Amino acid sequence: DHGSIIEPFGFVGLGWSRYELTQTSYNRSNLTTAENVMEVPYGAGLTMGSDGFLVDVRFTYRATYYDQLMRVPGSTSTDNRLNSWSLGAHIGFEF
């Protein structure tokens, strides 16, 4: 027996990423050779379902801290942050 569901949710996390330029003998770009970045992903979503059909929609924002991967003269560390966001949806059927 399949019923109906409406389920809002939220999430938050803490992560770490390491970026490295490899296979280069001389770095002429505006990127540092290596950088550690702290990430704080958070977001919200909504799952709805009825008679076995499911729809899931979610938004995620990833704030970054201590990221100085970009070397741009005259800019502050907050000008070149690696913040990102995503919006996604899934449709499915459960048996």
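In this predicted model, F59 stands opposite L87 of strand β5. Strands β4 and β5 run antiparallel and are joined by 10 bridges. β4 also pairs with β3, again in the antiparallel sense, over 13 bridges. Across that pairing, L46 stands opposite V57 of β4. A hairpin is formed by β3 and β4, with two residues between the strands. In its turn, D51 has a positive phi of about 55°.

Strands β3 (34-50), β4 (53-65) and β5 (84-93) each supply at least two of the patch residues. V55 lies in β4. Its relative accessible area is 31%, so V55 is partly exposed. Patch residues need over 30% relative accessible area, and V55 has 31%.

Charged side chains were examined next. Side chains of opposite charge can pair when their charged atoms come close. The whole structure holds two salt bridges. One links the side chains of D56 and R58, at 3.0 Å from N to O. D56 is buried, because its relative accessibility is 10%. R58 has a relative accessible area of 33% and is therefore partly exposed. The other salt bridge joins the side chains of R18 and E20, at 2.9 Å from N to O. R18 counts as partly exposed because its relative accessibility is 40%.

Key
Residues numbered from 1 in each chain as written. Predicted model: local features only at pLDDT ≥ 70, side-chain atom pairs only at ≥ 80, totals over all residues. Heavy atoms only, no water. Helix = DSSP H or I, 4+ residues; strand = E, 2+ residues; numbered from the N terminus. Buried < 20%, exposed > 50% of the residue type's maximum accessible area, 1.4 Å probe, protein only. Pairing = 2+ DSSP bridges. Salt bridge = Lys/Arg side-chain N within 4 Å of Asp/Glu carboxyl O.
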